[in-house]
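User: I would like to work through some features of a protein model with you, taking the general idea before the particular case.

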Amino acid sequence: MSRWRFLWAVTGVLLVTVLGYTLVPQPALSRYQSESRAYFDSQGRLLLADDDRYRLHVDLDDVAPALRQATLLYEDRDYYRHPGIDPLALLRAAWTTYVTRERRVGASTITMQVARLRWRLDTRDLWGKLVQIARAVQLTRHYSKDDIFQAYLNLASYGGNIEGVEAASLIYFDKHAKDLTLPEALSLSVIPQNPVKRSPTTTQGLSHLLEARSHLFQRWCQFHPDAVSQQVFFDLPPQFRAPQQLPFTAPHFITWLDLQLPTLRRGALNTTLNRDVQNIVEQLTAAYLERRAPAGLDNAAVLVVNTATMDVEAMLGSADFWDDAIEGQVNGTTAKRSPGSTLKPFVYGLAMDQGLIHPLTMLKDSPHRFAGFSPENYDQKFLGPVFARDALILSRNVPATVLQAQLAEPGLHGWLQQAGVEGLRAADYYGLALSLGGAEVTMVELVRLYALLANGGELKPLRSLMEQPQAEGKTLLSPEASFLVLDILRDNPPPQRPELLGQVGGGVEVAWKTGTSFAFRDAWAVGVSGPYVIAVWLGHFDGHSNPALIGRLAAGPLLFDLFEALGHGQGWTATERLKPGLLNLRKVAVCREDGALPNPLTPHTVPTWFIPGVSPIQVSQLHRQVAVDRNTGLRACRAEAGRTEMKIYEFWPSDLLRIFRLAGVALA
């Protein structure tokens, strides 16, 4: 009976071989099934991968030669010589299995294994084996040997839910398949023959794997005698990383990116994230929050963007992705929050472009009423007359609202719409409170606005994937106004660090602005220096307030910690990409007291930037000559030789004198 089964088996092999050559059409062999999504940083390092089924396509040329040779040596030495099946091996297998019944022998070639994996065949009985042979012949007819071998390396199981050599290499060794060493290559080569028994993530499985690898290495040395010198590396304890130990870097960034990608987009995704920068952000934020825990600061979000490329290099959506107490899986960089005063720089930039001010234009920080709206300053005080640059650095509310009211169309509201800020209500809903944090923005939107300053007024989209082209921007501010705003903000003194009673910063020049939302719910700090714009937010996602949530005191120190860590010793400047000598800017002398152009009597001048043809031209009327009686020291009606002398005095307008008095400033 056994001989009859042997004859039937031989006959079946012949028939299905003929059938295999007649099967049409050509079956799909490459990328016919979905892959995992695996995210890599800008340096090619794994960030995160799907954990349902690890499967990543790799071309044959991107697999280490040692792994290719070892796989053929172990699985199918005559692969490139036989026609997809090995007739002699099949005959021996049929005789051993059905006649002598010593043991079951499969005699599967690599092509036959690809057929089994491709069509998910059950080859434990005769019929399944015959179908496998037919499919193998079909594959041989339609594909080259390299195509089939490539398919095998992408379909083979390497233990658990790991399919394909690229996924196995990344998971077990944290490197691509093209970079495997000889011990690593031989380790992977022996797994597919028995992926359950030789799983490297269990003690027993690792023992079986190493035993099989040792036999393969002995065979390898017969063909590569020089490899004997590598025996020392095979004697070292192997290091395999289990899938459970895969990196889980920047989950908020990955989730954000997932939402932007088409559902069918799979495979390896090379992102713009820099794992080194991300690690610095995470470590410094955790350390900072630990220091500030007594003040009730327990959550933060950080976004780091390279202004030259607009690459997102780090994104921290919350202090701890897994902490339910702080709603850690909420992404604070994409959540709408009140930005506090962080929009004020753009009011000043627009005002400069519209010829309303230059940096030393005198503004009024005094009580003001706009149709029922009376803005107040944070300290509930007024400084009186104040230069524009000082009003911005000190974040005075009244001058900002007065300037916003003077802006021509499109105004701040229309400008924010042009800049892509989404979800804005009608302009009259916010009124002049818009520049004080009346509207909500995301950190992503805010960072784009500050990157606009670094890019000379050009608004550009963020990049999250390396394949994305660097898009052209649209100009929303002039390069001159952008430079002037940054030039002012870099004079904003570094923040105090309350817990150390000292000042932060000093090594890196940062143009920065803070924001504190109403009722102390959000603390912001945004800065530009060197290649980066960095935004920091501290607060609570449920919106409850904390008096410690003040932008300068809560978010400012962390912002400077990050800039110091990233730019240490590199000499970064805040206006690195803007060269004033190439812009339509001039340094002019203005009156030190009122900021207007000096008249012949102006005793003291200071330099300031001026945009020719744009900045307001006004000659100072502050200083006048007065005839003074030499004997009485009183003003004389007229000048008389020998009796009077001419002295220069300040004559402030009555409205400014009133503001000085309200501010408690006494003029000599």
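User: What is the order of the strands in the open sheet of 3 strands, and which kind of pairing does it have?

Analyst: Strands of a sheet pair through backbone hydrogen bonds, either parallel or antiparallel. Here the open sheet of 3 strands runs in the order β2-β1-β5, with mixed pairing; strands (E, at least two residues) and helices (H or I, at least four) are DSSP runs numbered from the N terminus, and two strands pair if DSSP finds at least two bridges between them. This is a predicted model, in which local features need pLDDT of at least 70 and side-chain atom pairs count only at pLDDT 80 or more, while totals for chains, interfaces and linings use all residues. Residues are numbered from 1 along each chain as its sequence is written, and side-chain values use heavy atoms, with hydrogens and water left out.

User: Why is one side of β2 and of β5 left without a neighbour in the sheet?

Analyst: β2 (46–49) and β5 (267–270) stand at the edges and have a single partner strand each, so one side of each lacks a neighbour in the sheet. Neighbouring strands of this sheet are turned by 20° against each other on average, direction ignored, where axes are lines fitted to C-alpha atoms, for helices over the stretch in contact, and angles run from 0 to 180 degrees between N-to-C directions.

User: How should I read the two faces of strand β16, and are its residues buried or exposed?

Analyst: In a regular strand the side chains alternate between the two faces of the sheet. From β16, Y532, I534, V536 and L538 point one way and V533, A535, W537 and G539 the other way. In β16 (residues 532–539), 8 of its 8 residues are buried, that is, under 20% relative accessible area, with exposed over 50% and partly exposed in between (1.4 Å probe, protein chains only).

User: Which strands pair with β16, and in which sense?

Analyst: Strand β6 (residues 300–306) pairs with β16 in the antiparallel sense over 7 bridges, with L303 opposite A535. Strand β15 (residues 522–529) is also antiparallel to β16, over 8 bridges, and A535 is the bridge partner of V526. β15 and β16 form a hairpin with 2 residues between them, and G530 in the turn has a positive phi of about 55°.
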